[in-house]
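Below are some notes on the strands and on a few backbone details, for comparison with the coordinates.

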Amino acid sequence: MSLIVAEELGKRYGVVVAVDGLNLKLDEGSVTGLIGPNGAGKTTTIKMILGLLKPDRGVVRVFGQDPWDNPDIRSMTGIVYEKAFFPAHQKTLEYLERVCRIYGVSESRAMEVLEAVNLQEASNREIRALSAGMLQKFAIAHALVHKPKLIVADEMTANLDPQARSELLELVLNLNKEEKVAFLLSSHILPELSMVCDSVAIINRGKVWASGELSDLYDKYAVGIVRVTTDRPEKLAAEVKKLNYVKDVDTDVRGFSVTVVEGKEDEIYEDVPGLAKRVKAKLLGIETGSASLQELYRLAVSGKERK
Amino acid sequence: MGKGKPFLEVLASAIHEDFRFPFLELFAFLYMLGAFALANFSVSLYSQVSTNEAVAYVVTTSLIGFSLLFFLILVFKNIAYGLGSELEKGIIQTYFSYPLKRWAILTAKLLSGIGVSLLLFLGIQISAFYILAPDIVSTQLSTIMLTYAANLSFPLIISGIILLLTLQLGRGGIGLVVGIMLYLGMSIASQIALLVAQATESALGVQIISMFSPNYALQYHYRALVGASSSLWNPTLSETMLYIGGSYAIVAALFILGYIYFSRRLNL
């Protein structure tokens, strides 16, 4: 069953087209990442899904219903906004207990969710006294109060330190695995999404450019990609670039990804060791089809742009 | 889960924010100051006041005097600053994540911003009345209620305009400035209308002003004018009621527009 269905969604702000004929589906129990550059239309899409913005055209259904001014959907959905704001002068635990009463769940749940995000020590603190990171954690606790079936989060890990990020991603995985909570996560931190998402929708210029399960997308877009790991990526990449069947080389600190002409993957396995020897680089590994989500995103977007 | 509970919780949260320390204490003190210390019961100033109803009107108006100004400040603060900043910061967006219809969220905000302010204002006013002039309260309750109704409609009209501007702009600052300008403008316009009415011996200007601020019609009805001729216009009680009803129709229209906008059009 699809929890979210968006068909031909469109939204413009004056002359600026924010979302242009966007199609999206999120299935029960899945963790879907919404990825795209700044201004791609991610937040506008999420706001339309949450019933905060009315689409100019198209249809959006959440749990099969129109999300605009729909309290039924709110009872089943947890929401984490990019910038979380709550009534500032109330204490964290007191406010969450209020939220428990709003949703009709036991007030003890308030402490449970604070503990889930490691905020129990701030339970007696006013919301305005929380740091940006703590406020983000509080927003996540707030979204978990009523044990929703779906959590929609816009840049959920923004403002969090690496430790908190990894704890949060673990929490996402646990909730998804144990309680079958579905997630729609928008983020620009692609390595994080690749850790938790089973499917992604790549959005650019207000449209979904590619979507589906990660494995399918890798099969479709990551063909002809070979990942080389080395201690001297710059030097070795420069040599590899000179090979006539190499289309593109994308270097990072640990190595580089080589896009080769289709069918030439085997040749690079033969050529790279020799080149590494020549530039005195230590070859740590060569493997096919292990493109990162970032590369997948780049390929999907550049492929569309070429078309 | 009780159906009314989410609404009551959002209302309680709104009241917590709107009346956090020291606002409730400060305004309760100001209302008491206005009612007990700043009220002027010198009915003798009004030479043409002759009936008991007119005396009750004059006493009530004197009692309302400064407190109405404090009421205005509190309501403007709650709508423009309270609702406006909550829209701007995204707290309303957070309220939208709760299982409540949009109209219920706005009702909670308005009940907190205007309803509680009004209760506080009327509570202290009526208590002061019972202490200061119990005989007038017991014999002229309907005149007193009518006077309160006539005095409160204009501040509510301005509040409705501030609400619409705040919702449309998504912030309260401009709404607040426009509200204060409108209030001051209306005060100046009414004085000009009174002068013009005197000079031209035509009550048209005062009648127009009375549509928005029906206290003027009531003032003419009870002949409670200081240094002005009341022979210019002598509206009957029914006509005065019509002006009061008309002004509340404007209040209702403004707030209904606010509700429609909030429920159907407000994009966050």
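1. A term first: two strands count as paired if DSSP finds at least two bridges between them. The model is a predicted one, and the points below should be read as such.

2. Strand β1 (residues 2-13) and strand β2 (residues 16-27) of chain A run antiparallel and are paired over nine bridges. Within this pairing, A:Tyr13 of chain A faces A:Val16 in β2(A). The two strands make a hairpin with two residues between them. A:Gly14, in the turn, has a positive phi of about 65°.

3. β1(A) has another partner to check, strand β4 (residues 57-62) of chain A. This pairing is also antiparallel, with five bridges. Here A:Ala6 stands opposite A:Val60 in β4(A).

4. A:Glu8 is partly exposed, at 42% relative accessibility.

5. A:Glu155 also has a positive phi, near 50°, and is not a glycine. A:Glu155 sits in the loop between β6 (150-154) and α6 (162-179) of chain A. Is A:Glu155 buried or exposed? Its relative accessible area is 6%, and buried means under 20%, so A:Glu155 counts as buried.

6. Strand β5 (residues 77-80) of chain A is parallel to β6(A), with four bridges, and A:Gly78 stands opposite A:Ile151. Strand β7 (residues 182-186) of chain A is likewise parallel to β6(A), with five bridges, and A:Leu150 stands opposite A:Ala182.

7. What is the handedness of the unit made by β6(A), α6(A) and β7(A)? These elements form a right-handed β-α-β unit.

8. In chain B, the peptide bond between B:Phe21 and B:Pro22 is cis, with omega about 10°. B:Pro22 lies in the loop between α1 (5-18) and α2 (23-37) of chain B.

Conventions: Residues are numbered from 1 along each chain as its sequence is written. Chains are lettered from A and ligands numbered from 1 in the order in which they are written. This is a predicted model: local features need pLDDT of at least 70, side-chain atom pairs count only at pLDDT 80 or more; totals for chains, interfaces and linings use all residues. Side-chain values use heavy atoms; hydrogens and water are left out. Buried means under 20% relative accessible area, exposed over 50%, partly exposed in between (1.4 Å probe, protein chains only). A crossover is right-handed if, with the strands pointing away from the viewer, the path from the first strand over the helix to the second runs clockwise.
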